[in-house]
Amino acid sequence: MNALHCKQILNRQANNKCTLVVSVSVLSSIVLSLSASANNSANQSAKKDTKYTLSGSAYVGVRHDSNVSVSELDTNTALSDNALQTNGKLQLKLAPTKKWTSTFSVSRADTHYNNLDDFDLGLTTYSVQTDYAFDIAKLGAHYYHAEAHLGGEGFLTYQQQGVSAGKQLGKQAYLRVSADNIDKTFDVAKERDSEANALRSDAFYFFDSSDFIQLALKYQKEDALDNVFDFTSVGADVAYTHPLSMLNKPLSLSFTYTFDSRNYSRASQSDLPREDDRHRVEIKANYEVHKHVKLSFSTEYGDYASTFTGADYEETIAELGVNVHF
């Protein structure tokens with residue numbers, strides 16, 4: 001596998017992982033790791049003078065959630081429900097030079113539950129990323145903004161900005177590190193308003209068969225308006241992606257394990273400390289039935305163990321959907 005191919009696979013994976021993640025548990029986590037993306041190699045060879053690329057996608061799917069929850073509010077319903085999920089995204093990529101690229105995107109995601117409509121989620125996101133490939137490393141800066149509505153009412157404003165550095169290590173490995181500042185503003189539960197500093201490192205290894213493995217290490221320190229919500233978090237992600245072919249069509253299988261351990265501040269010396277250990281396992285398949293159409297299936301299991309009752313629960317999610325993109 002050549003270095004350009006490695007970078008292209010890396011960027012697709014990083015975009016899938018670095019984009020805001022909102023599960024059927026209604027904002028069970030907000031995870032962002034923005035990264036640079038390269039132009040498609042075929043387009044580069046055919047249109048070397050192209051300075052911009054416009055792409056878009058639309059998705060519709062059905063989900064089943066065994067325990068509808070809102071992790072940002074430390075609550076779960078202990079009730080299951082089905083939901084309709086719709087997503088749309090537009091992305092503009094500018095390349096003033098071969099080494100300098102900038103990406104602008106806007107997206108909208110909606111989750112509509114059959115019965116628990118108080119947990120319907122609407123999420124509008126905006127992001128901008130710019131990168132420059134120096135000889136020693138690719139350096140970048142990014143900004144991300146999200147507006148979330150829960151049950152049709154304002155819920156959360158999420159902002160993240162940071163810098164990153166990526167380096168190709170030989171032909172089969174890539175390393176990326178990022179440092180971010182995160183700001184959360186709640187329309188309700190104002191005591192949860194917070195600022196956080198986060199560090200993340202991602203290591204990728206690409207095998208000769210085009211499958212690859214990713215290992216991420218994470219650290220975050222969050223300072224909330226009410227000290228009881230202050231926490232320090234460490235964690236790790238492990239992901240493996242394997243490309244296949246079925247009926248002469250591309251099929252991609254991926255397995256992801258995520259772990260986060262949070263230690264919260266005490267409200268007073270007499271209170272017991274709160275500790276959270278979050279484990280999540282996800283299996284996902286994407287089948288390209290047409291060059292512009294993909295079918296996707298995913299299932300995930302989350303074990304969210306906590307000394308705080310509202311944040312101590314288990315959850316299983318399954319989703320089937322179709323994605324149309326250009």
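Mentor: Start with burial: a residue is buried at under 20% relative accessible area, exposed at over 50%, and partly exposed in between (1.4 Å probe, protein chains only). The model is predicted, so local features need pLDDT of at least 70 and side-chain atom pairs count only at pLDDT 80 or more, while totals for chains, interfaces and linings use all residues. Residues are numbered from 1 along each chain as its sequence is written, and side-chain values use heavy atoms, with hydrogens and water left out.

Trainee: Are Glu282 and Arg280 buried or exposed?

Mentor: Both Glu282 and Arg280 are buried. For Arg280 the relative accessibility is 18%, which is why it counts as buried.

Trainee: How is a salt bridge read, and how many does the rule give?

Mentor: Side chains of opposite charge can pair when their charged atoms come close. The rule asks for a side-chain nitrogen of Lys or Arg within 4 Å of a carboxyl oxygen of Asp or Glu. By this rule there are 16 salt bridges. Glu282 pairs with Arg280, with 3.4 Å between the closest N and O atoms. Arg280 also has a salt bridge with Glu300, where the closest N and O atoms are 3.7 Å apart. Strands (E, at least two residues) are DSSP runs, numbered from the N terminus. Glu300 has 13% relative accessibility and therefore counts as buried.

Trainee: Which residue forms a salt bridge with Glu222?

Mentor: Lys184 does, with the closest N and O atoms 3.6 Å apart. Glu222 lies in strand E11 (residues 212–224) and Lys184 in strand E9 (residues 173–186), so the pair ties together parts 38 residues apart in sequence. Glu222 and Lys184 are both buried.

Trainee: Which residues are linked in a network of salt bridges?

Mentor: The network links Asp74, Arg192, Arg274, Asp276 and Arg278. Asp74 sits in the loop between strand E2 (69–70) and strand E3 (75–76). Although it is not a glycine, Asp74 has a positive phi of about 55 degrees. Its relative accessibility is 8%, so Asp74 counts as buried.

Trainee: How is a nonpolar patch read, and which residues make the one here?

Mentor: Patch residues have over 30% relative accessible area and no salt bridge; nonpolar side chains (Val, Leu, Ile, Met, Phe, Trp, Tyr) are joined within 5 Å, like charges within 9 Å. Areas come from the Shrake-Rupley method with a 1.4 Å probe, and for residues only the protein chains shown count as cover. Here Tyr52, Leu54, Leu90, Leu92, Leu94, Phe104, Val106, Tyr126 and Phe326 make a nonpolar surface patch of about 840 Å². Strands E1 (52–65), E4 (81–94) and E5 (100–113) each give two or more residues, and E4 gives the most, with three. Phe104 belongs to E5 and counts as partly exposed because its relative accessibility is 37%.

Trainee: What volume does the second largest pocket have?

Mentor: On a 1 Å grid over the protein atoms alone, a pocket is an open set of points where a 1.4 Å probe fits, with protein on both sides within 12 Å along at least five of seven lines; lining residues have an atom within 4 Å of a point. Points are joined across faces, edges and corners, and a volume is the space filled by probe spheres set on them. The second largest pocket has a volume of about 190 Å³. Its lining has 14 residues, with Val228, Ser265, Leu272, Arg274 and Phe308 nearest the centre.

Definitions and conventions. Helices (H or I, at least four residues) and strands (E, at least two) are DSSP runs, numbered from the N terminus.
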